[in-house]
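Take a first look at the structure below. Then follow the text through it, one region at a time.

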There are 2 protein chains.
Amino acid sequence: MLTTAGKRRANVMTQSWHMMIEFEPPMVACVVSNRNFTFDTLKATKECVINIPTVELAEQVVACGNSSGRDVDKFETIGLTPVAASRVRAPLITECYANLECKVVDTREVNRYCLFILEVLKAWIDPARKHPRTIHHMGKGAFMVSGKTIKLRSRMK
Amino acid sequence: MLTTAGKRRANVMTQSWHMMIEFEPPMVACVVSNRNFTFDTLKATKECVINIPTVELAEQVVACGNSSGRDVDKFETIGLTPVAASRVRAPLITECYANLECKVVDTREVNRYCLFILEVLKAWIDPARKHPRTIHHMGKGAFMVSGKTIKLRSRMK
């Protein structure tokens, strides 16, 4: 869930397409459609937080994707708790088990693909949650819930 | 697992960072490090296949990530079966449950981030496999195995 800090208020959107692109500095690429209210705020403020929900928040994740910050304060209507971040104006979502404070470092692919390149400035995680069950959008409201972890001998990073 | 067709032979690499970026035409962004043997081939031929393995192939996935096509024919050493694709010269991997034939449509971010923009030309899937258990690299040989699917009422694509 991507939070931004607009002029009027903070907002949150549900965001499916993102991936790491670099370890050091940690960087993430993500697609935010120009049909989303978040698009203009992200482009203007160049700051956001990526908040990673677990399956317990699935209903809120979908509710967030089905409404727009143009019309409502989604934190209130959905019941998510914003809290001040450390490096950016966009808020952290308390209910999420991890939060990545990010700045936009490259907008060259925004016009063509709505693709933002982010650098992660600060990362938060709830150390009490040892086995967070993340959810992964498969389309049209279907989500894969993360299963077990396997470990193999590997030289991969 | 990303296959390419080099001048000498076809090759396969294990590839972690990829995401959809567009529905129509279907497009995928992925990172292929310039330290990988595949990098030069992909840049030169502008063709590849994304082959999606399931947990049954986890050992091969890691073996593929721990060796280089500079030195060996990985299809032989690892025991993967290449078969001719329809739209590109890179082969499909028979053992994978889905295969996406792709062409590189944008290389503007390759120098800076090793980020390739691909268009999917043709997609194959094994319809007999109703519940493929995919694997998702968490780093250093740890993989999350896909768990159950949940379905919520959503207007999201």
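This is a predicted model: local features need pLDDT of at least 70, side-chain atom pairs count only at pLDDT 80 or more; totals for chains, interfaces and linings use all residues.

Which residues of helix 1 (residues 37-45) of chain B are buried? They are Thr38(B), Phe39(B), Thr41(B) and Leu42(B). An α-helix has 3.6 residues a turn, so residues three or four places apart point the same way. Look just past the end of helix 1 of chain B. There, Lys46(B) takes a positive phi of about 55°.

Now turn to chain A. In its helix 1 (residues 37-45), the buried residues are Thr38(A), Phe39(A), Thr41(A) and Leu42(A). They pack against strand 1 (2-5), strand 2 and strand 5 (47-52) of chain A, and also against strand 8 (98-106), helix 4 (110-113) and strand 9 (115-125). Just after this helix comes Lys46(A), with a positive phi of about 55°.

Step back to see chain A as a whole. Its secondary structure comes to four helices and 11 strands. The radius of gyration of chain A is 15 Å, close to the 15 Å that the globule rule gives for 157 residues, so chain A is as compact as a globular protein of that length. Along its principal axes, the C-alpha trace of chain A spans about 50 × 35 × 30 Å. Of the 157 residues in chain A, 51% count as buried. What share of the contacts in chain A between residues at least 6 apart in sequence joins residues at least 24 apart? The share is 61%. The surface is next. Chain A exposes about 8,000 Å², and carbon and sulfur atoms supply 51% of that area.

Next, go inside. In soluble globular proteins, nonpolar side chains tend to be buried together. Here the largest nonpolar core has 52 residues. The residues with the most contacts inside this core are Ile21(A), Leu115(A) and Phe116(A), along with Ile21(B), Leu115(B) and Phe116(B). Take Ile21(A) and leave aside its neighbours within four places in sequence. In chain A, Ile21(A) is then in contact with Met27(A), Val28(A), Ala29(A) and Ile117(A). In chain B, Ile21(A) touches Trp17(B), Val31(B), Tyr113(B) and Leu115(B).

Now for the rings. Over all chains, the structure holds four aromatic pairs. One of them joins Trp17(A) and Phe23(B), and this pair is tilted, at 4.8 Å centre to centre with 55° between the planes. The pair crosses between chains. Trp17(A) sits in the loop between strand 2 (10-13) and strand 3 (18-22) of chain A, while Phe23(B) is in the loop between strand 3 (18-22) and strand 4 (27-31) of chain B. Is Trp17(A) buried or exposed? Trp17(A) is buried, because its relative accessible area of 18% is under 20%. Phe23(B) is partly exposed, with a relative accessible area of 35%.

Another pair joins Phe23(A) and Trp17(B). Their ring centres are 4.8 Å apart and their planes lie at 55°, so this pair is tilted. It runs from the loop between strand 3 and strand 4 (27-31) of chain A to the loop between strand 2 (10-13) and strand 3 of chain B. Phe23(A) is partly exposed at 36% relative accessible area, whereas Trp17(B) counts as buried at 18%.

Finish with two lysines. Lys122(A) lies over the face of Trp124(A), at 5.1 Å from the ring centre. In chain B, Lys122(B) lies over the face of Trp124(B), at 5.1 Å from the ring centre.

Notes. Residues are numbered from 1 along each chain as its sequence is written. Chains are lettered from A and ligands numbered from 1 in the order in which they are written. Side-chain values use heavy atoms; hydrogens and water are left out. A nonpolar core is a set of buried Ala, Val, Leu, Ile, Met, Phe, Trp, Tyr and Cys residues joined through side-chain atoms within 4.5 Å. Buried means under 20% relative accessible area, exposed over 50%, partly exposed in between (1.4 Å probe, protein chains only). Contact means heavy atoms within 4.5 Å. Rings of Phe, Tyr and Trp (its six-membered ring) pair if their centres lie within 6.5 Å; planes under 30 degrees apart count as stacked, over 60 as edge-to-face and the rest as tilted. Helices (H or I, at least four residues) and strands (E, at least two) are DSSP runs, numbered from the N terminus. A charge sits over a ring if NZ of Lys or CZ of Arg is within 6 Å of the ring centre and within 35 degrees of the ring normal. The radius of gyration is taken over C-alpha atoms; the globule rule is 2.2 Å times the number of residues to the power 0.38. Accessible areas come from the Shrake-Rupley method with a 1.4 Å probe; for residues, only the protein chains shown count as cover.
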